[in-house]
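Work through the exercises below with the sequence and the 3D view at hand. Try each task before reading its solution.

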Amino acid sequence: MRYPRIRELREDRDLTQKEMADYLNCSQVSYSYYEIGSRSIPTEVLIQLARYHHTSTDYLLGLTNRREPYPSAPARQE
């Protein structure tokens, strides 16, 4: 699966793959593999990317065209 939106969002901020890889604590090669779809993005990394770009994981995965993040869920009372 390709992830073109993570590339688009990175380029919109004029960031290099190396800068994103440093933020995610991975190598530039690993990050490159995420962008081209040679490697699946781990859930934790997907969440980090969504938070960094202020969007939803659904947007990153191409499941919605709505770029805004979803509202945060209220804290659960137990």
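Predicted model: local features only at pLDDT ≥ 70, side-chain atom pairs only at ≥ 80, totals over all residues.

**Exercise 1. How do helices H1 and H3 pack, and which residues meet?**

Solution. 
- Step 1: locate the helices. H1 covers residues 4-12 and H3 covers residues 28-36.
- Step 2: read the geometry. Their axes are 6 Å apart, and the packing angle is about 120°.
- Step 3: classify the angle. The range for roughly perpendicular is 65 to 115 degrees, and roughly antiparallel begins over 145. H1 is therefore oblique to H3.
- Step 4: list the residues. H1 contributes Pro 4, Ile 6, Arg 7 and Arg 10, while H3 contributes Tyr 31, Tyr 34 and Glu 35.
- Step 5: sort them by type. This contact of H1 with H3 has four nonpolar residues, three charged ones and no polar ones.

**Exercise 2. At what angle do the axes of H2 and H3 cross, and which residues make the contact?**

Solution. 
- Step 1: read the geometry. The axes of H2 and H3 cross at roughly 105° and come within 8 Å.
- Step 2: classify the angle. Angles of 65 to 115 degrees count as roughly perpendicular, so that term applies to H2 and H3.
- Step 3: list the residues. On the H2 side they are Gln 17, Lys 18, Met 20, Ala 21 and Leu 24; on the H3 side they are Gln 28, Tyr 31, Ser 32 and Glu 35.
- Step 4: sort them by type. In the contact of H2 with H3, four residues are nonpolar, three are polar and two are charged.

**Exercise 3. Which residues of H3 are buried, and what covers them?**

Solution. 
- Step 1: A residue is buried when its relative accessible area is under 20%.
- Step 2: name the residues. In H3, the buried ones are Ser 30, Tyr 31, Ser 32, Tyr 34 and Glu 35.
- Step 3: find the cover. H1, H2 and H4 are among the parts that cover these buried residues of H3.
- Step 4: look past the end of the helix. Gly 37 follows H3 and has a positive phi, near 85°.

**Exercise 4. How many aromatic pairs does a search of the whole structure find?**

Solution. 
- Step 1: count. The search gives two aromatic pairs.
- Step 2: recall what to report. A pair of rings is described by the distance of the centres and the angle of the planes.
- Step 3: describe the pair of Tyr 23 and Tyr 52. Their ring centres are 4.5 Å apart and the planes are at 50°, a tilted arrangement.
- Step 4: Tyr 23 belongs to helix H2 and Tyr 52 to helix H4, so the pair ties together parts 29 residues apart in sequence.
- Step 5: check accessibility. Tyr 23 is partly exposed at 38% relative accessibility, and Tyr 52 is partly exposed at 22%.
- Step 6: describe the pair of Tyr 31 and Tyr 34. This pair is edge-to-face, with 6.5 Å centre to centre and 80° between the planes.
- Step 7: Tyr 31 and Tyr 34 are both in helix H3, three residues apart, or about one turn of the helix. Both residues are buried.

**Exercise 5. Which residues are in contact with Leu 9 and with Thr 55, leaving aside neighbours within four places in sequence?**

Solution. 
- Step 1: list its contacts. Leu 9 touches His 53, Thr 55, Tyr 59, Leu 60 and Arg 67.
- Step 2: list its contacts. Thr 55 touches Leu 9, Ala 50, Leu 60, Arg 67, Glu 68 and Pro 69.

Note on methods. Residues numbered from 1 in each chain as written. Heavy atoms only, no water. Axes fitted to C-alpha atoms, helices over the stretch in contact; angles between N-to-C directions. Helix = DSSP H or I, 4+ residues; strand = E, 2+ residues; numbered from the N terminus. Parallel < 35°, antiparallel > 145°, perpendicular 65-115°, else oblique. Contact = heavy atoms within 4.5 Å. Nonpolar A, V, L, I, M, F, W, Y, C, P; charged D, E, K, R; others polar. Phe/Tyr/Trp six-rings, centres within 6.5 Å; stacked < 30°, edge-to-face > 60°. Buried < 20%, exposed > 50% of the residue type's maximum accessible area, 1.4 Å probe, protein only.
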